[in-house]
Amino acid sequence: QVQLVESGGGSVQAGGSLRLSCAAAGYTSSIYCTMVWFRQAPGKERVGIAAIWRDGDTTYYADSVKGRFTISQDSAKVTLHLQMNSLKPEDTGMYYCAAAYGCYSRSWSKHSVYTGWGQGTQVTVSS
């Protein structure tokens, strides 16, 4: 079972940037294909915002973050990153990373396909 630990959250003013990281431990890197970042705003459902396949070339983004966020992973495939630029107050929420065995395209944003989850890191964007 993969263990995922997020870091890098914090408070920032609108227009600022943050870089989130998700460290994976206790797993064989070849098992998981899709890695994802979800965001959960207070009182709302968890929403998928960015995903990447193990090949590193296949990425998916929610419309709300396209052009502002970039998902990436290190060459060893054990650390996932999310570079967040031009942050908006609506980006506020708890950010979670997750891993899935399959390589998902249409279903990348469905939390039910992910088997490993981190505890989350809080991002707060003030206006």
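Predicted model: local features only at pLDDT ≥ 70, side-chain atom pairs only at ≥ 80, totals over all residues.
I started with the rings and found F38, Y114 and W117 linked into a cluster by ring pairs.

Y114 and W117 pair edge-to-face, with 6.2 Å centre to centre and 75° between the planes. I get edge-to-face here because the planes are over 60 degrees apart. I then checked burial for the two partners. Y114 has a relative accessible area of 5%, so I wrote it down as buried. W117 comes out at 25%, so it goes down as partly exposed.

I found the charged end of R46 over the ring of W117, 4.9 Å from its centre. The charged end of R46 also sits over the ring of Y96, and there the distance to the centre is 3.8 Å.

Then I counted: the model has 6 aromatic pairs. One of them is Y60 with W108, which is stacked, at 6.1 Å between centres and 15° between planes. I call this pair stacked because its planes are under 30 degrees apart.

Where do Y60 and W108 sit in the chain? I placed Y60 in strand β6 (residues 59-61) and W108 in the loop between β9 (93-100) and β10 (116-117). They are 48 residues apart, so I logged the pair as a link between distant parts of the chain.

Key. Residues numbered from 1 in each chain as written. Heavy atoms only, no water. Phe/Tyr/Trp six-rings, centres within 6.5 Å; stacked < 30°, edge-to-face > 60°. Helix = DSSP H or I, 4+ residues; strand = E, 2+ residues; numbered from the N terminus. Buried < 20%, exposed > 50% of the residue type's maximum accessible area, 1.4 Å probe, protein only. Lys NZ or Arg CZ within 6 Å of the ring centre and 35° of its normal.
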